[in-house]
Amino acid sequence: MNTTAANILKVLSQTEISIEDMQLYLNVEKNSIIKTISQLNDFLASINLPIISKNDNFYFLKLMPHELKFLFENFTTLTADEKIDYLFIKFISTGFLNLEKEKEILDISRSTILRSFQVVKDDFSKNGTTYEYYHGKGLVLKKLSKKDKILFNKKLMKFFIEEDTLVPARRELLNSIKLFDTKKRLSQLYPILKNSGISINYFLLSFICSLEVCIHIFGGFNFINDSNLNLDKFKEIEKSITIFGDDFNNDFKNQLTHFLTSLYFENGILEDDIKNICFNLIESIKKTFQIKISNKDLEKMLFNKLYLSFFKYNNKIVKIINVSFNKPHKIILNKLDEILNKSSYTLYLVDKFMIVYVIRRILMDENFSNIKSVLLLFNEVVAVDQIVFKKSLKKFYPNIIFDVEATFFHKKDIIQNHKNYDIIISDSNIVPNVKVVEYYNTINIHSILENHALTSGLNKLNTI
C-alpha cells in the first residue's frame with residue numbers, strides 16, 4: 001500500500017466520488033487511482049469488509065462506524081506527509097527521537113525514515129529549533145522555537161480533525177500526548193462556545209483541543225491580555241468555563257478564557273499571510289462580480305470560508321463532502337477559478353463550492369433591493385385570500401409592492417400593464433416570461449425572488 005491508497009481511503013470514508021473529482025484531491029493519474037482501488041478491494045476482502053463499489057461514475061465505500069474503525073485499525077500505511085508530521089510531533093512532544101525505533105514502529109525502511117526526517121530537520125533549521133545527537137541513544141531536543149510551536153499546533157490540529165480515521169501509529173501517538181477523552185472534551189466545549197456566541201466549527205474545536213496539548217507540552221501560547229480582565233464578555237466566558245470545564249487544568253482555563261474573549265472580538269488565531277491573501281481575494285471578488293458586499297456578516301462569512309479553505313489546502317487536510325454545481329454555480333465557479341488562477345492559488349473542490357455558495361448568497365442579497373414590484377396571478381381568486389396573502393408577503397418583503405389579480409383578466413387581454421412589473425408569478429403560463437408555481441406560499445415566492453436577484457447579478461457578468 002502507498003500514499004495514494006491511504007488518501008483514497010480517507011476520501012471514500014467521507015463521501016462517494018468520481019475518479020475525475022478524486023484526481024482533484026489526490027493529484028495523481030486516473031490509471032493509478034483505478035489500480036489502487038483494485039488493490040484496496042483485495043485488502044478489504046482479506047479482512048472481510050465490504051469492498052469499494054461503483055454506481056454510474058461514482059465510487060463509494062459503505063461501512064458502518066464499527067467497520068470503519070476496524071478498517072483503520074488494520075490499515076497501517078501512512079502518507080508521505082503523515083510520516084513527516086508523525087516524526088515532527090513525536091520529537092517535540094517527547095523531546096527525544098530514536099529513528100531506528102521509529103522505523104520499526106512505522107514499519108518503513110531506513111531510507112524512507114531518513115528522507116522523512118530530513119524535512120523535519122530542514123524545518124527546525126529554518127525556524128530556529130535545535131537538537132543534539134547522543135551516540136547510541138538518539139536525538140534530544142534542546143531549544144524549541146516559536147515558529148515550530150505554531151507549526152506543531154497546526155500539525156496536531158490535523159490529528160484531531162482526522163481522529164476517526166487515524167491509523168494505529170498516529171492514533172497511539174495522539175493518545176500518548178493528550179490527557180483527555182476527545183469526545184468528552186468536545187461535549188464540554190460545545191456549551192461554552194454556544195453560550196459565548198462564538199461560531200462553532202471543526203477548525204476551532206481542533207485548535208482548542210490542540211491548545212490544551214500544547215499547554216501541557218510547552219506552556220501554550222501568549223493569549224493572556226490584561227485588558228480583557230474588566231470586560232463583561234471575559235467574565236461571562238470565564239463563568240461558562242467554570243461551569244462546563246470544571247476539570248480543566250488551570251492554565252488551560254486561563255488561556256482558553258483569554259483566547260475566546262479575543263476571538264469574540266475578532267482577534268484570534270489567524271495567520272497573517274493567509275489573512276492577507278483572503279483580503280486581497282475579497283477585493284478581486286468584489287471587482288469581478290461587481291458587488292460591494294454591504295452586508296458585513298456575509299463579507300465575514302466569505303472571509304472565513306476563504307481562510308479555512310487555504311488552511312485545509314496548505315495543511316493537506318482532506319475533509320470533504322460530495323458536491324454538484326448547477327448552471328449558476330458553474331458560472332460563479334468559473335469566475336472564481338479565473339481569480340484564483342491569476343494568483344496561482346489552488347483549493348480543494350469542496351471548498352470552492354462553499355465559497356461559490358457564499359458568493360451566490362451575496363449576489364442575491366445585493367440585487368434583491370432592485371425588485372420593486374411583483375404581480376401575482378391566480379386562476380381562482382377569493383378576495384379574502386388575496387388580502388391575507390398580500391399581508392403575509394408584506395411582513396417578509398416590506399419594500400416590494402405586490403399586486404394580486406385574477407388570471408382571467410389577462411387571458412382576455414383586459415389588463416395590459418404586466419410589463420410594468422419586475423416579476424410576474426402565476427399558477428399558469430399565460431403571459432411572456434411568467435414564473436409558474438404549482439401553488440402559492442411564501443416559500444415558493446421567496447425562491448423565485450432569490451433566483452431573480454441571482455440572475456440579475458450574473459447578467460452583469462455577461463455570461464447568461
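Reader: Hi! Where does Asp-351 lie?
Author: Asp-351 is part of helix α17, which covers residues 349–368. Helices here are DSSP runs of H or I with at least four residues, strands are runs of E with at least two, and both are numbered from the N terminus. This is a predicted model, where local features need pLDDT of at least 70, side-chain atom pairs count only at pLDDT 80 or more, and totals for chains, interfaces and linings use all residues. Residues are numbered from 1 along each chain as its sequence is written, and side-chain values use heavy atoms, with hydrogens and water left out.

Reader: Thanks! Is Asp-351 buried or exposed?
Author: Asp-351 is buried, at a relative accessible area of 6%. Buried means under 20% relative accessible area, exposed means over 50%, and partly exposed is in between, with a 1.4 Å probe and protein chains only.

Reader: And what is Asp-351 in contact with?
Author: Ser-309 and Lys-312, if you leave aside neighbours within four places in sequence. Contact means heavy atoms within 4.5 Å.

Reader: Let's switch to α4. Which residues are buried there?
Author: In α4 (residues 65–74), Glu-67, Leu-68, Leu-71 and Phe-72 are buried. They are on the same side of α4, because they cover an arc of only 130° around the axis. That arc is taken from the directions from the helix axis to the C-beta atoms.

Reader: Why would residues a few places apart point the same way?
Author: An α-helix has 3.6 residues a turn, so residues three or four places apart point the same way.

Reader: Which residues are exposed on the other side of α4?
Author: Pro-65, His-66 and Lys-69.

Reader: Last one: what do the buried residues of α4 pack against?
Author: They pack against α1 (3–12), α3 (30–46) and α9.
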